[in-house]
Amino acid sequence: MTPAGSHRISINDTTLRDGEQAPGVVFSLAEKLAIARELAAAGVDEIEAGTPAMGEEEVEAIAAIVSANLPLRVGAWCRLNESDVDAALRAGVKMVNISAPMSRLQMRVKLKAEPHEVAARVTRVIGYAREKGLEVALGGEDSSRADLRDIGLIAGAAAKLGVFRFRFADTLGLLDPFSTYEYIKRLRDETGLAVEFHGHNDLGLATANTLAAIRAGASHASVTVLGLGERAGNAPLEEVCVALPRTAEARTGVDPTRLAALAELVAHAARDSIPRAKPIVGADIFTHESGIHVAGLLSDVRTYQGLDPAMLGRQHKVVIGKHSGLAALRSICSAIGIELDAKAGAALLARVKAIAKMTKSLVPDGRVRQLAREEISKHQRGRSDQTAQISGEL
Ligand SMILES: [Zn+2]
């Protein structure tokens, strides 16, 4: 699935931090460890394991994840103050994302500060974290409502202290892919800093914006499993990883065949269910009912296949319902050696459609086969009655 010449994008999963900020979501320590392990097994490069400033229980949970020695980088999220950095140090992480507001509105409301004061505070706090031996990424909160000159000033101050990355956060999910591309391109051209894009999904554009950011030069994508996160959530890990090689000539180290299990694990831990049509991991994304689509797929799978299910360790499934056609019925019956002639097929189709309409649901394969047997024997009886009648006449 990796196009030749594509460049490698680093995936930073924040399910355990931003994901747990989704309303009502609480992960236990065991669940956090299981999720971190599964993310590592899937090939995620980096995780944001939590917010140490939330308290000692969170510090201990992050410490447990660090101690698991998983083959990925474990970071923690900090606000712009030394005590958050101290809490991260207690958790034992080697890397932190220190977040600072980038929009004038958030600077004033949250820090009562102007851009030059935020830059000074960034210098002080990041300087402190660097002295303590931490690798630091600067998190640009509300970057999408910021003046790029302010970002340049603050990120420039951080760059002097050796931060390894700037996180451009579309905190409120306001961007579209076109504006994202422009912002990230200018940011890359003007600061030269490695950029991570962190997109929220308020307009349903988080994945599209992440892909646009990568096309514009971002090298890191901040995502969560199933898009779990604040309000409408974040860019979903599974969508970004599968879409990247197709749309942005980029690839990740994530194994697509592990995405379904990862999604199940996170959904279960979040006490949530996965919508059946959820891209990449939904139960029904390779399930086909429509007669036209099924006939096309059965004669040449490429007719209606955009995404190869095998790439995700899955397969196509044909189901019978109101929109089914004869090809689907024949396929389901012939799988167990029942062959339908035209007459029995037409009668069966009429019956299953009537049942689907009446029950407002699919007709299970077993029921379809039972009805098929009935129709075949009915037609055979009809034929032998006819033969008997003809012999009698003779
Ligand atoms: Zn966020």
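Which residues does arginine 167 touch, not counting residues up to four places away in sequence? Keep that in mind while you set up the view.

This is a predicted model, in which local features need pLDDT of at least 70, side-chain atom pairs count only at pLDDT 80 or more, and totals for chains, interfaces and linings use all residues. Residues are numbered from 1 along each chain as its sequence is written, and side-chain values use heavy atoms, with hydrogens and water left out.

**Stop 1: arginine 167**

Select arginine 167 in strand S7, residues 165-170. Helices (H or I, at least four residues) and strands (E, at least two) are DSSP runs, numbered from the N terminus. Arginine 167 counts as buried because its relative accessibility is 3%; buried means under 20% relative accessible area, exposed over 50%, and partly exposed in between, with a 1.4 Å probe and protein chains only. Now show what arginine 167 touches: Asn12, Arg17, Glu48, Trp77, Asn97, Leu138, Gly139, Gly140, Ser143, Glu196, His198 and Ser222, leaving out residues up to four places away in sequence. Contact here means heavy atoms within 4.5 Å. With glutamate 48, the side chain of arginine 167 makes a side-chain polar contact at 3.0 Å. A polar contact is a pair of N or O atoms within 3.5 Å; within protein, one must be able to donate a hydrogen and the other to accept it, and residues adjacent in sequence count only if both atoms are side-chain atoms.

**Stop 2: the zinc ion**

Select the zinc ion and its donors, Asp18 (OD), His198 (NE2) and His200 (NE2), which coordinate it at 2.0 to 2.1 Å. Donors are N, O and S atoms within 2.8 Å of the metal (3.2 Å for Na, K and Ca); water is not among the atoms, so sites may look incomplete. Along the sequence, the spacing of the donor residues is D-x179-H-x1-H. Both histidine 198 and histidine 200 are buried.

**Stop 3: lysine 94 and methionine 95**

Next, pick two sequence neighbours. Is lysine 94 buried or exposed? Lysine 94 counts as exposed, because its relative accessibility is 61%; it lies in the loop between helix H3 (82-91) and S5. Beyond four places in sequence, lysine 94 is in contact with Val74, Gly133, Leu134 and Glu135. Draw a C-alpha to C-alpha distance from lysine 94 to glycine 133: 7.6 Å in space, for 39 residues apart in sequence.

Methionine 95, in strand S5 (residues 95-101), is buried, with a relative accessible area of 6%. Among the residues that methionine 95 touches are Glu46, Arg73, Leu134 and Phe164. Arginine 73 is 22 residues from methionine 95 in sequence, and their C-alpha atoms are 8.0 Å apart.

**Stop 4: two positive phi values**

Select lysine 112, in the loop between helix H4 (104-111) and helix H5 (115-131). Lysine 112 has a positive phi of about 50° although it is not a glycine, and counts as exposed at 69% relative accessibility. Then go to leucine 226, in the loop between strand S9 (220-223) and helix H9 (237-247). Leucine 226 also is not a glycine and has a positive phi, near 65°, but this residue is buried, with a relative accessible area of 16%.
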